[in-house]
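Visitor: Please take a close look at a single part of this assembly, the place where two of its chains meet. A plain account will do.

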Number of protein chains: 6
Amino acid sequence: MSTRRLLVVGAHSADFVWRAAGAVAAHTSAGGEALVVALSYGERGESGELWKQQGQTEENVKRIRHTEATKAAAAVGARFEAFDLGDYPLEVGKESIRRLAELMRDFAPNVVLTHPEKDPFNPDHPVAHAAVARARLLTSGAGVASGFRTAPPSEFLAFEPHQPELCGFVPTVYVDITAVFDKKVEAMGHMAAQQYLKEYYTQRAEQRGNHARKVTGNAEIRQAEAFHRLLPNVVSAL
Amino acid sequence: MSTRRLLVVGAHSADFVWRAAGAVAAHTSAGGEALVVALSYGERGESGELWKQQGQTEENVKRIRHTEATKAAAAVGARFEAFDLGDYPLEVGKESIRRLAELMRDFAPNVVLTHPEKDPFNPDHPVAHAAVARARLLTSGAGVASGFRTAPPSEFLAFEPHQPELCGFVPTVYVDITAVFDKKVEAMGHMAAQQYLKEYYTQRAEQRGNHARKVTGNAEIRQAEAFHRLLPNVVSAL
Amino acid sequence: MSTRRLLVVGAHSADFVWRAAGAVAAHTSAGGEALVVALSYGERGESGELWKQQGQTEENVKRIRHTEATKAAAAVGARFEAFDLGDYPLEVGKESIRRLAELMRDFAPNVVLTHPEKDPFNPDHPVAHAAVARARLLTSGAGVASGFRTAPPSEFLAFEPHQPELCGFVPTVYVDITAVFDKKVEAMGHMAAQQYLKEYYTQRAEQRGNHARKVTGNAEIRQAEAFHRLLPNVVSAL
Amino acid sequence: MSTRRLLVVGAHSADFVWRAAGAVAAHTSAGGEALVVALSYGERGESGELWKQQGQTEENVKRIRHTEATKAAAAVGARFEAFDLGDYPLEVGKESIRRLAELMRDFAPNVVLTHPEKDPFNPDHPVAHAAVARARLLTSGAGVASGFRTAPPSEFLAFEPHQPELCGFVPTVYVDITAVFDKKVEAMGHMAAQQYLKEYYTQRAEQRGNHARKVTGNAEIRQAEAFHRLLPNVVSAL
Amino acid sequence: MSTRRLLVVGAHSADFVWRAAGAVAAHTSAGGEALVVALSYGERGESGELWKQQGQTEENVKRIRHTEATKAAAAVGARFEAFDLGDYPLEVGKESIRRLAELMRDFAPNVVLTHPEKDPFNPDHPVAHAAVARARLLTSGAGVASGFRTAPPSEFLAFEPHQPELCGFVPTVYVDITAVFDKKVEAMGHMAAQQYLKEYYTQRAEQRGNHARKVTGNAEIRQAEAFHRLLPNVVSAL
Amino acid sequence: MSTRRLLVVGAHSADFVWRAAGAVAAHTSAGGEALVVALSYGERGESGELWKQQGQTEENVKRIRHTEATKAAAAVGARFEAFDLGDYPLEVGKESIRRLAELMRDFAPNVVLTHPEKDPFNPDHPVAHAAVARARLLTSGAGVASGFRTAPPSEFLAFEPHQPELCGFVPTVYVDITAVFDKKVEAMGHMAAQQYLKEYYTQRAEQRGNHARKVTGNAEIRQAEAFHRLLPNVVSAL
């Protein structure tokens, strides 16, 4: 029974669904706790379908996105929290970084997942990465005794971006999500405004499953998600 | 109780001691099986102390190196096997690659450790890497049904070279060897011809222990070894 | 009406189908000429389905693979030629490099496609890359007057490997294959021994189509193939 | 007859002349439209000759630089527009990024050229790159329906910096400017305050012409400019 | 007798001691002048030992850190100056960059040492790097006549971070500090609050000494420090 | 008065002239000794002008190339030695590597210059690099006592290739050749068969001179050559 805590931070409220919902489900299925933080709702840049409705307002778009993300998080056993900082462009000021660091000190995650450092197709993803990386370091201090409250350093990984090779993303670990894939499908089903991505990321999970089979020779794996470890982890044996 | 099999391949008979003896000991202590293969004895390039003895012969140097390596391997619970291909320069012809692939098909390792691809300070280490990488691929085939006998793909990691930054070596996983460090010390003690390295690699293990503490916040770690995963691994949860 | 000549060189007879059949079809549809060279038939490493048939022989596997590849090439308007050098491992000796260079001098391709330099999942792909790169340079000489027959330097690109991020593959150009995708589907249909790849690469073409749409904003693109230019090209305007 | 639109954005008013005037001339000669934006006049860092005149004022330096850049742009068929944000250091605030994004939405460029991301010899060039990259992404949105006005994504390339290897600049496309080189010479002639660069960049154009000849075998090319594509482009055939 | 001036800029007051005190001592022993600037005292992140004292105040921590750093600098023949900008997080605003550039114009260093650009274990080190790089460029201008006071460009190197491979640090020059190592030991002795680092960096100096011996074959070298040149230097002969 | 020994190894007899003749002249002018080794005469790939003469033979081309290179070497104070291994393709077998290592043990160079590891425009340059790198390691052994004769490790640098960015060449040191540039001009004058390169490399020396001025602020520098250190060097002070 895992007692590990997993924190996923996305620039927009739906990011975690496409990129990490399977890993979240695997984590919570094993008994772990998971928290999803969205720095914005993606209300301007990623909610075009909603804006096609006549009389649509920003507040209403956010409300819908909040509900969808909360349901999607619940489907994979996680809580959802929104910082509502605005998107396109997302800006994360000092105060928000401090808030994120406080949240990290309270939640004390064992693992933190977020966007890669680089994404030439999205102005908000690298901003989110930088904020999470900075908050994470302010959380843990220099690894020596500090003059402020700290939480232990967490494992730190990037989840898969949309065009991985152009974001410097190199898979270093695949999570086998075969056993929980139905939960990811359910989570994706809640993102009504972006249903065109559901097929895309279903296929992607199968392709990563194919890769994970090739890496292991384990024919049981059907779906997987890819992650890029940004820091070494420590193990008791290989 | 682990049932995993670990294969370590070095260019010279002592390489595994300085770079991976701790990981071997951690592996066998957990119940796993370990096999060390040395492509050469390092009889020309790394046995200078022995050559200072009057009347020394190559055959005698090899005999001494074989005995030392066998004892060192035993100290960490591993078997030792030598290919005796000669060093400075080491050359690994097709037949030797085929022999190594056959050995891999028989042993079916879960994990393979060897030198990094690049080492601007040693002519034999990159040759060993290339041979192991090639034999490993010939062992497992393309990950689809093949017209020849195969073994499942193994995890593949490089152990730490002497000047890591100049070999493109980036630690991606630290193995905590605190509990088995006495065994590594014993193994190092068997390499009589290279005792000047014992202090060096004792200090190195402590520095990597320091790094592993910083990465985890776990103050219990005293010694560690660093490895560079060359391929993604697959896990059931992060 | 294009008068350009395209040369595709694969390690195994089916490689061009999954990775470049769309680009070949686009090229020949525009009037260009295309030649596919397979350095081996992939008779050992990639023909497992065929080996399941009782009494199968290597000669028969090669004959089947030759027929399939010839049909697949024809489906996209290309000729097929096999060097039959053997696979797993593929080895390309000096004489074969000379033969390939002679073929390049005769065919004088404007564009050459082959595997990327690196592929940690396949022992033959990097061997094929190195042979093609070397033959290509021996074909064109140093770009100055030479003491031997030459052909002008060709554009040189890598086609997409199976796990692109782990092969250092970065897409630098997408070819829109929407208009000729039915031909690629037909070509894939001819590779009877590897039908499990047909769905995989159909999905991949759609995903690359998605990427090409995002790069251009052109909603008409449905399928694409990704390539990595290994050398600059020259244009008359951007 | 091209109907494409080309946008060149430089940190200082003269940058486009040395680095891209040939490509601009090739573009407009083919019927395309070109717009040059200078974020500053380079009045402090790159106008030393002007400051040698007694009684010189910043306003006068800017006026001279504006006139020169307008003439140089006209020589290659382009319009010139200045943001006048100051140099050494150039700072591009949110409002200026918004203004640049608005300009991009209005002009809807097919191609955007600017400085590379890195330049260890100039504090303003990377700032300009970051501003252009950000404005470009805010212009086009996420490639899906958005809650704001967008323009289609543009091709995005870096022009050549002064010490290319130290800026991570790798040529991926050469533009043959032989036919329009007289126009680049004329444009360079208008930058009276930096005439020492005219010979330097004339030689550079010839060297890049030499490179383009070697890449193609086309002996007709005399002068060229080098560019680094930052994102894949999409073509209908190779 | 050297007349060169060396400037070392650290994020925290103790950084220069562990990473560059030997190079400073070698420099001043040869007759050169050295100035150490600390952007902060590291009063929050790196003074945990001091905070264990009851009733400790930030002002007192800073006072102690100032005294320690001044003594350590003196031990290696350097002056110490503190900007006192605060740590965890360190922020270097425009005004501080201007102040640093003014200091550089006044001191006109031949060599500048600071942190590498990247450090995934410390939020302040990259901030310090960026500030120094920017101030350095504003100091020297574009290498042409400028409209403001300048100092000649300095050599620019990064000193060794704690986990070098993970910071992109690659040694490009080793400074032999054997003759002045006692001074580095004395300097380290003054950092009372971080005595646990003294053994670590003594061992590190010996390991770098080992590396410098291997690079040169010079058995006299016992201790060394590693640096990464960020820009080419100019020599009159190799 | 320098007593250092410089070894330059080129794939073809003229390589050292364009790429390193200035550094050789600077070295010998300071009193050092220099030896140039050409692995081949470049008789096939780089002697096209000579082949235009009716009745030309390979032996005659080699004789002319030998004379030219000997004169060019003499012009910069160096001896010239040819291995005559053939070009396009150059192949360096074990015996030739052993011969080169023996030459290195005899000459005991302080500095070795050769081609970079990669050159996508020339099949022979990377072969030469690999041979030199290997011979150099076999010369010096592992930096510990060895069972064979050794010479101390040399500094190891790549000289500038024709299209540097595409060869992974990054200048890390510029040699100021202003004082000896007339000697390089004379050396270039001796390469009658490649006079079209004389202007190219004269301009290149001036551009590198410009870069060296920008790096130092030293207006006296007129010409320079760029080199890429492949291994750290050791200094007594920065």
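**The interface of chain B and chain E**

Guide: Between them, chain B and chain E bury about 1,800 Å², with 49% of that on carbon and sulfur atoms; buried area is the accessible area (1.4 Å probe) that two parts lose on being put together, summed over both. The model is predicted: local features need pLDDT of at least 70, side-chain atom pairs count only at pLDDT 80 or more, and totals for chains, interfaces and linings use all residues. Residues are numbered from 1 along each chain as its sequence is written, chains are lettered from A and ligands numbered from 1 in the order in which they are written, and side-chain values use heavy atoms, with hydrogens and water left out.

Chain B gives 20 residues to the contact and chain E gives 20 residues, where contact means heavy atoms within 4.5 Å. The rule finds 4 salt bridges across this interface, a salt bridge being a side-chain nitrogen of Lys or Arg within 4 Å of a carboxyl oxygen of Asp or Glu. The side chains of Arg204(B) and Glu165(E) form a salt bridge, at 3.9 Å from N to O. On the side of chain B that touches chain E, helix H7 (residues 196–216) of chain B supplies the largest share, 10 residues; helices here are DSSP runs (H or I, at least four residues), numbered from the N terminus.

Two other chain pairs do not touch: the nearest C-alpha atoms of chain B and chain D are 18 Å apart, and those of chain A and chain F are 18 Å apart.

Conventions: Helices (H or I, at least four residues) and strands (E, at least two) are DSSP runs, numbered from the N terminus.
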